[in-house]
Amino acid sequence: MAERPIRLLIADDHPIVRDGIRGMFAGDPGFEVLGEAGDGAQAVELARSLDPDVILMDLRMPGTDGVTAIKRLAELGIGARVLVLTTYDTDRDVLPAIEAGATGYLLKDTGRDELTRAVRTAARGEAVLSPSVATRLLGQVRTPSDPLSARELEILRLIADGATNREAAARLFISEATVKSHVLHIYAKLGVNDRAAAVATAFRRGLLTLDDGR
């Protein structure tokens, strides 16, 4: 008796990308594409109604993004494995997706054979990572994050409170240039590129609490 095909749901905001992914599985009896979603919210709704085995999930989509959708799937107890398929492999993309519960993380330059193998692996509940992502995660494990200094934490709390660099400088009695330098160091240590990401990462890592930023 033939095995049941692996049922797939494709979530990406670009129709051309969805068509390309669907085409990779066309004609292969081992897979069945059940549907397509243009954002994370639609992916969650289709996952509830279609019951796919694997969801191929983009991360940066308008409306509900991929990480939020992954978290929502877990909250709803939906058993589909999520295989992230995206263009980005930065810390700010990789780590939240893995922490949210993604089974795998691949980049969109992945070839057809590698993608189909990855889907089979994910369907079994086994982790699958592109080489660059695996290297990045290993680096996180082997190289502990450089801790923020007391001054950097002060500035981060002020940022969370909505203070500009100039306002932070005035409150700490230091120059605006010094604040800018500290902010750049904070970005580098947290692996982020902007103030909002710095605050979000700091909360996630427990560097800030709900009492901060009020």
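What is the volume of the largest pocket? In this predicted model, the volume of the largest pocket comes to about 420 Å³. Local features were considered at a pLDDT of at least 70 and side-chain atom pairs only at pLDDT 80 or more, whereas totals for chains, interfaces and linings use all residues. Residues are numbered from 1 along each chain as its sequence is written, and side-chain values use heavy atoms, with hydrogens and water left out.

Of the 18 residues that line the largest pocket, Asp65, Val67, Arg92, Pro96 and Arg204 are the closest to its centre. Two or more lining residues are given by each of α3 (66-75), α4 and α10, and the largest share, five residues, comes from α4. Grid points are joined across faces, edges and corners, and a volume is the space filled by probe spheres set on the points. Helices (H or I, at least four residues) and strands (E, at least two) are DSSP runs numbered from the N terminus.

The structure holds one cavity of 30 Å³ or more, and the volume of the largest cavity is about 40 Å³. Its lining consists of Asp91, Arg92, Leu95, Leu190, Gly191, Val192, Thr201, Arg204 and Arg205. Both α4 and α10 supply at least two residues of this lining, the largest share, three residues, being that of α4.

Helix α10 (residues 195-204) has as its buried residues Ala197, Ala198, Val199, Thr201 and Ala202, where buried means under 20% relative accessible area, exposed over 50% and partly exposed in between, with a 1.4 Å probe and protein chains only. These buried residues pack against α4 (91-100), α7 (150-160) and α9 (176-190), contact being defined as heavy atoms within 4.5 Å. At the start of α10, the backbone nitrogen of alanine 196 has a side-chain oxygen of aspartate 194 within 3.3 Å. Just after α10, a positive phi of about 80° is found at glycine 206.

The sheet is open and is formed by six strands in the order β2-β1-β3-β4-β5-β6, with parallel pairing; two strands pair if DSSP finds at least two bridges between them. Strands β2 and β6 (128-129) stand at the edges with a single partner strand each, so one side of each lacks a neighbour in the sheet. Strand β5 (residues 104-107) is joined to β6 by two bridges in the parallel sense, and the bridge partner of tyrosine 105 in β6 is leucine 129.

Strand β1 (residues 6-11) has six of its six residues buried and is therefore largely enclosed by the rest of the structure. In a regular strand the side chains alternate between the two faces of the sheet. In β1, Ile6, Leu8 and Ile10 point one way, whereas Arg7, Leu9 and Ala11 point the other way. Six bridges pair β1 with strand β2 (residues 31-37) in the parallel sense, with leucine 8 having valine 33 of β2 as its bridge partner.

How values were computed
A polar contact is a pair of N or O atoms within 3.5 Å; within protein, one must be able to donate a hydrogen and the other to accept it, and residues adjacent in sequence count only if both atoms are side-chain atoms. On a 1 Å grid over the protein atoms alone, a cavity is a set of points where a 1.4 Å probe fits but cannot get out, and a pocket is an open set with protein on both sides within 12 Å along at least five of seven lines; lining residues have an atom within 4 Å of a point.
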